[in-house]
Amino acid sequence: MSLKGCSFLDFQGLDGDWARAFFKNVDKLGAEILPSNSKTVAQVFLEPSTRTSMSFQMAAIRAGAKNLIFDGNNSSVKKGETLKDTLMTIESIGADLLVVRHGGEEKLSQIKMAIPMINAGEGAAGHPTQALTDAYTIF
């Protein structure tokens, strides 16, 4: 199972076989996704978060990556910049991975980026990473 270059935005197209393979290999996958300390993970949290935000930051640190923390309260998002434009700007400055939490109407699955994205919560639309960790705990 390889996740290199893949985004994780929702559960569409994923089945029980994928989940079992993922859980079986989860410890090996972190090193594959962020294999060196030259990688930068942009943490884009546009909704309040403690557990999810800190968990993703610590995961990046443990993988040897640098964290680029985006402060939505002090950005052009406050002036009406779209989520897509914000993510494209962050991508253009050299981020290798986007971890995104937002509550807006734009769907991450509708935004095409050249770098991988992880959906860290999309308001009422879902929180697939939390569902995945809950399932892993049960598994």
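Mentor: Helices and strands are DSSP runs, of at least four and at least two residues respectively, numbered from the N terminus. The model is predicted. By that numbering, Ser-75 lies in the loop between β2 (66–71) and α3 (83–92).

Trainee: Why is Ser-75 called buried?

Mentor: Buried means under 20% relative accessible area. Ser-75 has 16%, so the residue is buried.

Trainee: What does the side chain of Ser-75 reach?

Mentor: The side chain of Ser-75 reaches the backbone oxygen of Gly-72 at 3.0 Å. The cut-off for a polar contact is 3.5 Å.

Trainee: How do you know that the buried residues of α3 line one face of the helix?

Mentor: Those buried residues are Leu-83, Thr-86, Leu-87 and Ile-90. Viewed down the axis of α3, they fall within an arc of 95°, so they line one face. An α-helix has 3.6 residues a turn, so residues three or four places apart point the same way. The buried residues of α3 pack against β1, β2, β3 and β4 (117–119).

Trainee: Which residues touch the most other members of the largest nonpolar core?

Mentor: Among its 15 residues, these are Val-44, Leu-87, Leu-98, Val-100, Leu-108 and Met-117. At least two residues of this core come from each of β1 (40–45), α3 and β3 (97–101). The largest share, three residues, is supplied by α3.

Notes. Residues numbered from 1 in each chain as written. Predicted model: local features only at pLDDT ≥ 70, side-chain atom pairs only at ≥ 80, totals over all residues. Heavy atoms only, no water. Buried < 20%, exposed > 50% of the residue type's maximum accessible area, 1.4 Å probe, protein only. Polar contact = N/O pair within 3.5 Å; in protein donor to acceptor, adjacent residues only side chain to side chain. Core = buried A, V, L, I, M, F, W, Y, C linked by side-chain atoms within 4.5 Å. Arc of directions from axis to C-beta. Contact = heavy atoms within 4.5 Å.
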